[in-house]
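Visitor: Please show me the model that we are to discuss.

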Amino acid sequence: MTAIKHALQRDIFTPNDERLLSIVNVCKAGKKKRNCFLCATVTTERPVQVNVVKVKKSDKGDFYKRQTAWALRDLAVVDAKDAVKENPEFDLHFDKVYKWVASSTVEKNTFISCIWKLNQRYLRKKIDFINVSSQLLEESVPSGENQSVAGGDEEAVDEYQELNAREEQDIEIMMEGCEYAISNAEAFAEKLSRELQVLDGANIQSIMASEKQVNILMKLLDEALKEVDQIELKLSSYEEMLQSVKEQMDQISESNHLIHLSNTNNVKLLSEIEFLVNHMDLAKGHIKALQEGDLTSSRGIEACTNAADALLQCMNVALRPGHDMLHAVKQQQQRFSDLREQFARRLASHLNSVFVQQGHDQSSTLAQHSVELTLPNHHPFHRDLLRYAKLMEWLKNTDYGKYEGLTKNYMDYLSRLYEREIKDFFEVAKIKMTGTTREGKKFATLPRKESAVKQETESLHGSSGKLTGSTSSLNKLSVQSSGNRRSQSSSLLDMGNMSASDLDVADRTKFDKIFEQVLSELEPLCLAEQDFISKFFKLQQHQSISGTGTNEAEEMDGGTSSRSYTSGVPQTISSEKDMIRQMMTKIFRCIEPELNNLIALGDKIDSFNSLYMLVKMSHHVWTAQNVDPASFLSTTLGNVLVTVKRNFDKCISNQMKQMDEVKISKKSKVGILPFVAEFEEFAALAESIFKNAERRGDLDKAYIKLIRAVFVSVEKVANESQKTPRDVVMMENFHHIFATLSRLKISCLEAEKKEAKQKYTDHLQSYVIYSLGQPLEKLNHFFEGVEARVAQGIREEEVSYQLAFNKQELRKVIKEYPGKEVKKGLDNLYKKVDKHLCEEENLLQVVWHSMQDEFIRQYKHFEGLIARCYPGSGITMEFTIQDILDYCSSIAQSH
């Protein structure tokens, strides 16, 4: 065991600056016998730390390793199991109970004894040692290994002390004086012993000499004690004499305290009284103003406003604890409440009368404003009412019920006033829009009598549902399919309708101006009223108080259904922004239906008016949303914009539908189709209207739909045409479309422009080839045979040896086509082309020039074959290329 102890000390504890004091060989109780060692150690550095370390033999070798360590201060209980009988088992209670079985009882007892002594020496902590023999818990332990480990080693912590510098110097001097100390240690020890005896004798003599001094000191102390007793007697007598003085001074001090307390209370009472007087006293002038103040003059309103503010300050003063129990305070509060109620009733009554008066006075000016298509200006009324703004704020804070009643009455009176004004305003606008009927003009959409115009304007709700406007040339297709637009116009005029080309542009401009004026009048009216409402009723437009917003169309008396009040102010209200919107919706509830009626009338008059309305309405919606996206004006105009956009889409859809239903005449040539010309007119008009417009994207989408429908309809008409060749219909109409798109430069239709040009070019070439055909038919058949022989493998220079294709046969065929016959054939061809083409598009010269080029190409082809297959024969055509050019030129000029 000693060898193991030294090995553990050397290998494990010395590197960690620890000393091993006791060791026990143990294994865990109830488990497989795997031995380990429990070691009791102390650190060599101060403060000393005591640990219990578990050391285990490594599985890979014969060396030991440190496995677990517990601080001794964490040990709570040491259980030896049996204090009488020898039992190798014991338990150590740290954070949990560890059960051990020692290799022998002696090792267990030695280890437990060591733990007890370490606890007594370093920790002085109460560790419970149970079932441990009392003999083990003693300071001294019998000699043997136990003593050497638990006792000697315990003191070994302090047995070595390093010499200081002076001690080293003294030893060196002593050893120098005894040079034989090293060679003769016994002589050196004897000398040291003799010097020690001499030193002890000197010490005894010094002690005996100091005894006399001690006796003298004791006598002096006795005398000092006597003096102290005398001083104490004198102090006692002085204390008795001062006792009476102390009692008198205590009485005086108590009296002064009572006086100071009384003064303090008086000061506090005065402060409370001054507080109540200063904060709860309303001036007589303010009381008079609240009771009798003039609410019609500016000076009286200002006096009432100041008095109301003063009253509110008195009522809202923060009373100190106990003030509300005073009878005078209760009376003053009741007086203030009566004043508030009285003035609130008087103010509400006066403002209601002002609202009623406003409705009657404003009606007298309606006729004048209506004739001029302007809305009455409410600025003077707003200016007069804004003098009461502070009083309205006071009423809102003090009596919300009356404030809400005023709000409802204002909406009721003003909604009726605005409804009369706006309806008259829109009635005049409708009359101005349909004024052309009163001047005798007739629209395709208004074939009714003048007396029915007003009834029509009042009954319109939404768009007309049909594209029968005077601007749509598509209507003409159902009654007329001639290719000549002039004949179309005359026919339609004979029927009492006007074509798009003859529509008075001034009518559209007038409608645009009227519609813009309507929106320009409504916008400042709504903004001014909204600004007034926010200022007069103290509703901040930019703030939004969290609450449950009600439906905008819901009336105020329904939107504020359930409210609980505390001191007259609602605990739960909707946001002030929503409240402004609700008030505006109630006051201007007629604007949206009137605008929809006006839009429907404009669409009925002229379906192209939806373009003007879409641009104007989009601009005003954009402007309103920049100011406040959630405002009444922005919301209303946005709703109306949806209707305008729907009418615009319907206009486009009806045009596409009528394109699909187009029918053509079987007896006359087609020419430029009406819907192609109508698309040109629509595009030119739309480009002028939508220049720099916000809703350009809507127009681009409409362009794509319309142009695709035009392409499809042109194909359909060309396929159904009997009088005019298909290629002519396609060529002329796609040329017209290409010219239109090139002139207007619509960026979104670049692909369609290229497609139109390609279709025009393809059908022009197809028509030229088809119409020209083979003007030199026999000569063409002859050379087709020549080419067939060459294709079969006969060399070109040997073709002339063929019987059917010799030089004589070639000369015979050429003689059948003198210049006179060629010119006659070309003249007939020119007349044929002239019958097919229309005058409007003016493509005759283009087509004729293409035919001339094609004829010259065929001529050159024939000459080439003659030169290759009949070399040196001298055979030539009886007319030259110059002759062909002269023939074509003279024919074109003669016609």
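Visitor: On what basis are the values given?

Guide: This is a predicted model, in which local features need pLDDT of at least 70 and side-chain atom pairs count only at pLDDT 80 or more, while totals for chains, interfaces and linings use all residues. Residues are numbered from 1 along each chain as its sequence is written, and side-chain values use heavy atoms, with hydrogens and water left out.

Visitor: How many helices and strands does the protein chain have?

Guide: Helices (H or I, at least four residues) and strands (E, at least two) are DSSP runs, numbered from the N terminus. On that assignment the secondary structure of the protein chain comes to 30 helices and 10 strands.

Visitor: What percentage of the residues in the protein chain is buried?

Guide: Buried means under 20% relative accessible area, exposed over 50%, and partly exposed in between (1.4 Å probe, protein chains only). Of the 895 residues in the protein chain, the buried share is 43%.

Visitor: What share of the contacts with a separation of 6 or more involves residues 24 or more positions apart?

Guide: A contact means heavy atoms within 4.5 Å. Among contacts in the protein chain with a separation of 6 or more, the share from residues 24 or more positions apart is 72%.

Visitor: Why is strand β2 described as largely enclosed by the rest of the structure?

Guide: Cys36, Leu38, Ala40 and Val42 point one way from β2, Phe37, Cys39, Thr41 and Thr43 point the other way, and all are buried. Strand β2 (residues 36-43) is therefore largely enclosed by the rest of the structure, the buried count being 8 of the 8 residues.

Visitor: Which residue of β3 stands opposite Phe37?

Guide: Two strands pair if DSSP finds at least two bridges between them. Strand β1 (residues 18-28) runs antiparallel to β2 and is joined to it by 8 bridges, with Ile23 opposite Cys39 in β2. Strand β3 (residues 50-57) also pairs with β2 in the antiparallel sense, over 6 bridges. In that pairing, the residue opposite Phe37 is Val55.

Visitor: Which residue does a cis peptide bond join to Arg46?

Guide: A hairpin of 6 residues leads from β2 to β3, and the loop between these strands holds Pro47. The cis bond has an omega of about 0°, and the partner of Arg46 is Pro47.

Visitor: Is Lys745 buried or exposed?

Guide: Lys745 lies in the loop between α24 (726-744) and α25 (750-772). Although not a glycine, Lys745 has a positive phi of about 55°. Its relative accessibility is 66%, so Lys745 counts as exposed.

Visitor: Which helix gives the most to the lining of the second largest cavity?

Guide: A cavity is a set of points, on a 1 Å grid over the protein atoms alone, where a 1.4 Å probe fits but cannot get out; lining residues have an atom within 4 Å of a point. Grid points are joined across faces, edges and corners, and a volume is the space filled by probe spheres set on the points. The second largest cavity has a volume of about 70 Å³, and of its 10 lining residues the closest to its centre are Gln530, Lys577, Ile580, Asp628 and Ser631. With 4 residues, the helix that gives the most to this lining is α18 (residues 576-587).

Notes: 1 Å grid on protein atoms, 1.4 Å probe; cavity = no way out; pocket = protein on both sides within 12 Å on 5 of 7 lines; lining within 4 Å.
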